Protein chains: 2
Amino acid sequence: MKIDFWYEFASTYSYLSAMRIEDAARAKGVTVQWKPFLLGPIFNSQGWNDSPFNIYPAKGAYMWRDMERQCAAYGLAFSKPDIFPVHSVTAARLAWLGSQADWCPAFSCKVYHAQFAAGLDISDEGVLGNILNDLNLPADDLLAQTQAPETKSGLREQTEAAAANSIFGAPSFLVGTELFWGDDRLDAALEFARTA
Amino acid sequence: MKIDFWYEFASTYSYLSAMRIEDAARAKGVTVQWKPFLLGPIFNSQGWNDSPFNIYPAKGAYMWRDMERQCAAYGLAFSKPDIFPVHSVTAARLAWLGSQADWCPAFSCKVYHAQFAAGLDISDEGVLGNILNDLNLPADDLLAQTQAPETKSGLREQTEAAAANSIFGAPSFLVGTELFWGDDRLDAALEFARTA
């Protein structure tokens with residue numbers, strides 16, 4: 001009755017899942033563990049030093065059009081960001097800190113909205129600080145914590161755990177060891193968790 | 001009210017769409033134009049000389065498990081073929097010949113079933129000949145036609161048309177110039193065609 005939601009802030013399709021997963025999981029009586037990680041090291045190990053959507057232009061052009069359609073279908077705002085993929089490490093470290101407390105889902109949804117709906121640069125600490133303030137969290141203290149060794153190693157170990165669980169893209173969903181990849185598999189993953 | 005279905009015989013996810021598209025399209029009043037093509041030249045232009053499911057092992061292992069789940073969900077038989085990706089050019093030339101007549105859909109579904117359900121090698125002209133015989137088609141004559149210049153150029157031009165339409169994978173669906181990629185987009189593509 002539990003699903004692990006592995007996501008990367010620079011991942012467009014992770015935005016779709018992040019905005020839907022809590023309601024969809026609740027409807028099936030499934031609880032969600034939010035697992036921010038970095039795709040960069042995983043893509044590097046596959047020989048990519050950029051998003052595959054940039055490396056393969058036809059696939060990239062398709063993805064942006066598909067995102068417009070999928071967001072319209074889900075009733076989500078969408079605006080193509082100026083920078084892609086964004087440098088997401090600070091946001092991911094904050095989300096990891098949030099996952100050690102209780103504010104990871106709310107923070108993560110606001111980061112996705114900022115990037116893919118409001119057109120903001122989520123690598124900017126000012127943008128991230130405003131989000132933390134909106135959540136009544138101590139922005140300056142948390143931004144300072146992103147530089148602490150235990151925060152850096154926490155996110156690094158979570159990224160290593162993603163690779164160890166055979167995760168190769170985002171969003172991914174794990175129910176025990178059963179892996180589901182892509183926003184298109186969210187419902188199947190939740191159904192698997194419900195009946196597991 | 002028309003959809004172009006672009007598919008490659010070596011593509012696992014094309015199997016899912018091939019077996020579903022005619023019933024699904026009929027339910028929406030949409031007609032289907034079957035467009036066999038070869039992914040090899042398109043993958044080559046992206047720098048790949050093998051299936052990405054072989055180049056990226058984690059993605060490949062996931063795909064086979066996902067195919068098991070998707071086939072179960074759709075009520076389709078599935079058996080992982082010994083050879084992947086299969087050498088599909090003769091089958092594709094036959095399908096192209098069928099698309100110049102009226103037997104392309106029936107032939108293509110039998111080829112997919114042979115490969116992904118019955119465990120047969122569809123690069124084998126004996127296997128293809130049996131399928132043609134089952135359809136009461138002149139197997140020897142058609143197999144000979146796969147070597148004719150007009151057949152070779154017909155399939156080559158269709159593959160070039162796929163690339164010209166920004167197709168980068170299979171299955172793909174085109175409604176006019178609107179592109180949908182992947183079996184997961186079949187329903188959305190048909191709905192787009194219905195309301196176009």
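Visitor: Which residues in α6(B) meet α7(B)?

Guide: This is a predicted model, and the contact can be read from both of its sides. On the side of α7(B) stand Val127(B), Ile131(B) and Asp134(B). The residues in α6(B) that meet them are Phe107(B), Lys110(B), Val111(B) and Ala114(B).

Visitor: How do the residues of the contact of α6(B) with α7(B) divide by class?

Guide: Lys110(B) and Asp134(B) take part in the contact, and charged residues number two there.

Visitor: Is α6(B) parallel, perpendicular or oblique to α7(B)?

Guide: Helix α6 of chain B, residues 104-116, and helix α7 of chain B, residues 125-134, have axes 10 Å apart and pack at an angle of about 135°. Roughly perpendicular covers 65 to 115 degrees, and roughly antiparallel begins over 145. Because of that angle, α6(B) counts as oblique to α7(B).

Visitor: What covers the buried residues of α6(A)?

Guide: In chain A, helix α6 has 13 residues, and those that are buried include Phe107(A), Val111(A) and Phe116(A). The cover over the buried residues of α6(A) includes, from chain A, α1 (12-27), β2 (31-36), α5 (89-99) and α7 (125-134).

Visitor: Which element gives the most to the side of chain B that touches chain A?

Guide: Between the chains, 11 residues of chain B are in contact with 11 residues of chain A. On the chain B side, α4 (57-74) and β4 (178-181) each supply at least two residues. The element that gives the most, with four residues, is α4(B).

Terms used:
Residues are numbered from 1 along each chain as its sequence is written. Chains are lettered from A and ligands numbered from 1 in the order in which they are written. This is a predicted model: local features need pLDDT of at least 70, side-chain atom pairs count only at pLDDT 80 or more; totals for chains, interfaces and linings use all residues. Axes are lines fitted to C-alpha atoms, for helices over the stretch in contact, and angles run from 0 to 180 degrees between N-to-C directions. Angles under 35 degrees count as roughly parallel, over 145 as roughly antiparallel, 65 to 115 as roughly perpendicular and the rest as oblique. Two residues are in contact if their C-beta atoms, placed from the backbone, lie within 7 Å. Ala, Val, Leu, Ile, Met, Phe, Trp, Tyr, Cys and Pro count as nonpolar, Asp, Glu, Lys and Arg as charged, and the others, Gly among them, as polar. The expected span of a helix is 1.5 Å times one less than its number of residues. A residue is buried if 20 or more other C-beta atoms lie within 10 Å of its own, exposed if 12 or fewer, and partly exposed in between; C-beta atoms are placed from the backbone.
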